[in-house]
Amino acid sequence: MWIIDTDLIKNKSKILNVILSYYLESNSSSIRIKRDKYGKPRLLDNEIHFNLSKRENLNIYAFSRNRPMGVDLECIGQITNLIKFSSFIFDKSYLKYILSSRKDQRFKSFYKYWTLYEAYGKFVGDGLRTVLKKPSKNELRKYFKFHFEPKTGFIATLVSEKKSKIVIHHTQAL
């Protein structure tokens, strides 16, 4: 884990450049990032893939060589009419899991699968277009999924084609 004073570095892309310069062993000003047609950032002329997500004062950065991935982070909060909202968003297989969770765990279950959908959309590269198709458990079964809690009250998910060496950093304001 890296703790970087995000109040000093206001822009999360500057934080990303600092971390990328470490991996690339180069000056952060020489890093060139391009966005694809869906807005996913990519390094020009390099095999390092990365993805990022930010909620409140917490940032997640994921890095891998030769493997695209997606990562999403959410703050676990209350949702008015969770069941109705979940049925609108999720495939029935995920909805069943959320509804079968203990009442005190339903919000956490919701966010676990919401971050999975978002991370999968980032991995595929078209974001919400994929999420709105309501991918099923069966569709996502072939991918590597890693759920984690970087900080109390937050949940994150990483999706990749298969398990490989992926480095995850999270930063927060001091």
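Q: Which residues touch the most other members of the largest nonpolar core?
A: In soluble globular proteins, nonpolar side chains tend to be buried together. This model is predicted. Its largest nonpolar core has 21 residues, and F90, Y94, F110, Y117, L140 and V159 touch the most other members.

Q: Which elements give two or more residues to this core?
A: They are α2, α3, α4 and β7 (154-160). The largest share comes from α4, with 10 residues.

Q: What does V159 touch, not counting residues up to four places away in sequence?
A: V159 touches M69, G70, L116, A119, Y120, F123, Y143, F144 and K145.

Q: Which residues does the second, separate core include?
A: That core has 11 residues, among them I19, L20, L52 and F63.

Q: L52 leads on to the strands. How do β3 and β4 run, and how many bridges join them?
A: Strand β3 (residues 48-55) and strand β4 (residues 58-65) run antiparallel, joined by eight bridges. Opposite L52 stands Y61 in β4. The two strands form a hairpin with two residues between them. In the turn, E56 has a positive phi of about 50°.

Q: Now the helices. Which residues of α3 are buried?
A: Read a helix by its sides. In α3, the buried residues include Y94, L95 and I98. They cover an arc of only 100° around the axis, so they sit on the same side of α3. The other side carries K92, K96 and S100, which are exposed.

Q: What covers the buried residues of α3?
A: The cover includes α2, α4 (106-124) and α6 (137-140).

Q: Where does D91 lie, and is D91 buried or exposed?
A: D91 lies in the loop between α2 (82-89) and α3 (92-100). D91 is buried, yet has no salt bridge. The nearest side chain of opposite charge is K92, 6.6 Å away. A salt bridge needs a separation within 4 Å.

Q: What is D91 in contact with, leaving aside its neighbours within four places in sequence?
A: D91 is in contact with Y117, K134, P135, S136 and K137. Y117 also belongs to the largest nonpolar core.

Q: Step back to the whole chain. How many helices and strands are there?
A: The protein chain has six helices and eight strands. From the N terminus on, the order is α-β-β-β-β-β-α-α-α-α-α-β-β-β.

Q: What percentage of the residues count as buried?
A: Of the 174 residues in the protein chain, 44% count as buried. As for contacts with a separation of 6 or more, 56% are between residues 24 or more positions apart.

Definitions and conventions. Residues are numbered from 1 along each chain as its sequence is written. This is a predicted model: local features need pLDDT of at least 70, side-chain atom pairs count only at pLDDT 80 or more; totals for chains, interfaces and linings use all residues. Side-chain values use heavy atoms; hydrogens and water are left out. Two strands pair if DSSP finds at least two bridges between them. Helices (H or I, at least four residues) and strands (E, at least two) are DSSP runs, numbered from the N terminus. Buried means under 20% relative accessible area, exposed over 50%, partly exposed in between (1.4 Å probe, protein chains only). Lys and Arg count as positive and Asp and Glu as negative; His and the chain ends are not counted. Contact means heavy atoms within 4.5 Å. The arc is that of the directions from the helix axis to the C-beta atoms. A nonpolar core is a set of buried Ala, Val, Leu, Ile, Met, Phe, Trp, Tyr and Cys residues joined through side-chain atoms within 4.5 Å.
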